[in-house]
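Keep the structure open while you read.

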Amino acid sequence: MSGRVLVGVKRVIDYAVKIRVKPDNTGVVTDGVKHSMNPFCEIAVEEAVKLKEKKLIKEVVAVSCGPQQAQETIRTALAMGADRGIHVEVAGKDYETLGPLQVSKILAALAKKEDAQLIILGKQAIDDDCNQTGQMTAALLDWPQGTFASEVSLEGDKVKVVREIDGGLETIKINTPAVVTADLRLNTPRYATLPNIMKAKKKKIANVKPADLGVDLTSRLEVLRVDEPPQRQAGMKGSTELSRRDS
Amino acid sequence: MFPASRYSSRAHRCIRALKTVPTDHAAPQLYTTLHRRACSSVSAPRITTHYTIHPREKDPRWEGVEMERFGDEADVVIVGGGPAGLSAAIRLKQLANEHGKELRVCLVEKASQIGAHTLSGACLEPTALTELFPDWKERGAPLNTPVTEDVFSILTEKHRIPVPMLPGLPMRNHGNYIVRLGNFVRWLGEQAEELGVELYPGYAAAEVLFHEDGSVKGIATNDVGIAKDGSPKDVFERGMELHAKVTLFGEGCHGHLAKQLYKQFNLRENCEPQTYAIGLKELWMIDEKKWRPGRVEHSVGWPLNRNTYGGSFLYHLNEGEPLVALGFVVGLDYTNPYLSPFREFQRWKHHPFVAPTLEGGHRIAYGARALNEGGLQSIPKLTFPGGLLIGCSPGFMNVPKIKGTHTAMKSGMLAAEAIFPQITAESLDSETAGLHVPEYAETLKNSWVWKELYAVRNIRPSFHNYFGLYGGMVYTGVFYWIFRGKEPWTLKHCGLDAHQLKPAKDCTPIEYPKPDGKISFDLLSSVALSGTNHEGDQPPHLTLKDDSVPVARNLTIFDGPEQRFCPAGVYEYVPVETGDGMRLQINAQNCVHCKTCDIKDPSQNINWVVPEGGGGPAYNGM
């Protein structure tokens, strides 16, 4: 086993920022808006680094798809402990229509190229809330998947994943190579401290184009319109008659 | 009457006070109610957990925790990524390239990205920018809106008195540009990075480091991973030390490290205390029909009374969309503790001269920041062994012009020019380990910055007369417009802003109108628009030197002015859970880093320290 883990990190609008819809309703305003690493991706990076610190795996590779600024997100992952980064350059119109299908194709291609043993992703991104990339990547690679992980342990050539499901917790054991997606309670991510950011500047980030990986970026979806959620209406006071009738 | 043993000492004092209140007092009911409210039947709850108030050396929870810090060396370290800090960094690199020298310049900034904590009107005078980058237009500096119309008004409750903007008046904006300062600072950051400056946004300078001889050695960034109760978390890590030959402090108005340096090096012994104002600002997308790009509007008067300094601004930007930047400034030497700068701003927007511009539009951003008003009289000693102060931190704002960006940039550039020969000299000829560069203060005094500030030095203090605003305007008309500030005297300010508040019992509460949700808004929805957030599980960075003072003094005498002057709703007086009385609740996560509380707290008990880097507002082109 190569002992290499691929971690996907996505650059999203910071969760505390108030989102504004563009005047032409084609999307949201992103220019100059504060962005940060998707919180679930931070948890994924932390889990990968923890596995490396336990000496269960040998190398953590951080991957991000996007424009030039995606490199900042990769740097943060490097500062948290990833060994090297891969920046898949997607910009302009392609980036606007980039979705889980294209990203999972890219990750599948990279996993084969890098001979990854494990792919750890966040369960979903906080901007689109798709919750699809991990599952699609596993399907494309025909690998088992352990999604919504709140606990991950490597046991030989298998992975034991405790999953958070509606009914409670489900424990599964899957073969490697596998895809795992991180849920909130998996761990508490460490801070990317300044000395580590400075060290991360020396770590390598490779630049790759989707075409080099043989991935077609055309989207199967077309966004027709983006609107703000409807304004909350005031509630209505119900009559007390109803409750008496029911009892 | 009262069983003596059952009550705390505070209750004893309260009971004695109740018994001795004279019966012919003006408002006995109010006075005793205030007293009763102030005496909680429980002792002051612990509010402050920050290690600057409760040192970790004596704290058993910190025993055995690794406190070693990683350190690194640079030639120059700059604290603060605003116009002053970035201009200094750029100038240093320009000089290094000109002379073929290698220079490591590191800049730390507490905001998560450069420009995210920047807030200003702003009408930029491009003089300093043209000196720094003569080709700023080709480089794409975001100065897109030249001023085309300049309107000044004195407002009354329903009407407006126009004041002609004659050439020579300080407020005239001919030749200036309306900018979104956050975008301008971001552009400066890009220029700095291209020149090779190491920018580190998201890392706050939390501590000044000293050599053994007392000179400044550099700074240390904030520790991370301390829990709300002050104990270490699993993810605790020490900040990093950045050492430099010279450290430039450009923290902006009322910087927290500058506050420490003033005490350490006694930099304020020969100047007046700094006086301040709070500026609140909103960005609005308005109806295209109302949009007049390049139009600058200023007003004074309503809703402030003639003895409260302040006024408004409304600028129509020209960046492709009908955006206006508007805001309100209130001098922090106001005397009525019931005054709320936020609510004055909200009610000003309803004035018949202002509201039509905003009708049909919607608000997209909000923020607030304190600004300097002290001018020349309040500039401290600028240099000390190992460091110097630049920008709004010492305070070079031209108050009547309401512009401080051009002088801040020039101070940064002069600092760079003064320190460059010394840090690149073959042999360091210095008495102290940290370099002392008094040449910076000399060149500043001989520059246009000083001449400009000298000419307007008496305008702000001239407002302290019986006629208030009108006296000040007459003074400006005579002594500035006609005599160009050449009068031989220099007027003084009134002392610390914090000491200007009158007790609540001597003042009348102000009836503010309810926000209508279309033009005026409530505080919490405004704070949400600033995008401010902080890691929740950290000690509140609004530290109190004494936890009992807010209820015992601020609430009792001044009716808790911090609940009104904070533009982010950080301070609230809430009833205690058991028993009677009130306690101060600090919602540190709302803080927008304006520094008003540190300035205006009448007990000077609040000490703002920097929270974990990356926290704070997320302004976008403010």
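Strand β16(B) pairs with strand β19 (residues 323-331) of chain B in the antiparallel sense, over nine bridges. Strands here (E, at least two residues) and helices (H or I, at least four residues) are DSSP runs numbered from the N terminus, and two strands pair if DSSP finds at least two bridges between them. Within that pairing, B:Lys281 sits opposite B:Gly327 in β19(B).

A word on the ground rules: this is a predicted model, where local features need pLDDT of at least 70, side-chain atom pairs count only at pLDDT 80 or more, and totals for chains, interfaces and linings use all residues. Residues are numbered from 1 along each chain as its sequence is written, chains are lettered from A and ligands numbered from 1 in the order in which they are written, and side-chain values use heavy atoms, with hydrogens and water left out.

Back to β16(B), which also has strand β20 (residues 362-372) of chain B as an antiparallel partner, joined to β16(B) by ten bridges. One of the facing pairs is B:Tyr276 with B:Asn372 of β20(B). How many of the ten residues of β16 (residues 276-285) of chain B are buried? Ten of ten, so the strand is mostly covered, with buried meaning under 20% relative accessible area, exposed over 50% and partly exposed in between (1.4 Å probe, protein chains only).

In a regular strand the side chains alternate between the two faces of the sheet. Here B:Tyr276, B:Ile278, B:Leu280, B:Glu282 and B:Trp284 point one way from β16(B), while B:Ala277, B:Gly279, B:Lys281, B:Leu283 and B:Met285 point the other way, and all are buried.

## An open sheet and its helix

Chain B also has an open six-stranded sheet with mixed pairing, in the order β9-β3-β2-β15-β22-β21. Its edges are β9 (198-201) and β21 (383-384) of chain B, each pairing on one side only. Strands β15 (residues 246-249) and β22 (residues 387-389) of chain B run parallel, joined by three bridges; B:Thr247 stands opposite B:Gly387 in β22(B). Helix α9(B) packs on this sheet, touching β2 (76-79), β15 and β22 of chain B, and its direction makes about 170° with that of β15(B). Contact means heavy atoms within 4.5 Å.

The axes of α9 (residues 405-423) and α11 (residues 448-455) of chain B come within 10 Å and cross at roughly 145°. Axes are lines fitted to C-alpha atoms, for helices over the stretch in contact, with angles from 0 to 180 degrees between N-to-C directions. On the α9(B) side the contact uses B:His406, B:Thr407 and B:Lys410, and on the α11(B) side B:Trp448, B:Val449 and B:Glu452.

Most residues other than glycine have a negative phi, and most peptide bonds are trans. These places depart from that:

| Residue(s) | Feature | Value |
|---|---|---|
| A:Thr176 and A:Pro177 | cis peptide bond | omega about 0° |
| B:Gly121 and B:Ala122 | cis peptide bond | omega about -10° |
| A:Asn131 | positive phi | about 60° |
| A:Asp142 | positive phi | near 60° |

A:Asn131, in the loop between β6 (118-122) and α5 (133-141) of chain A, is buried at 19% relative accessible area. A:Asp142, in the loop between α5 and β7 (145-155) of chain A, is exposed at 70%.
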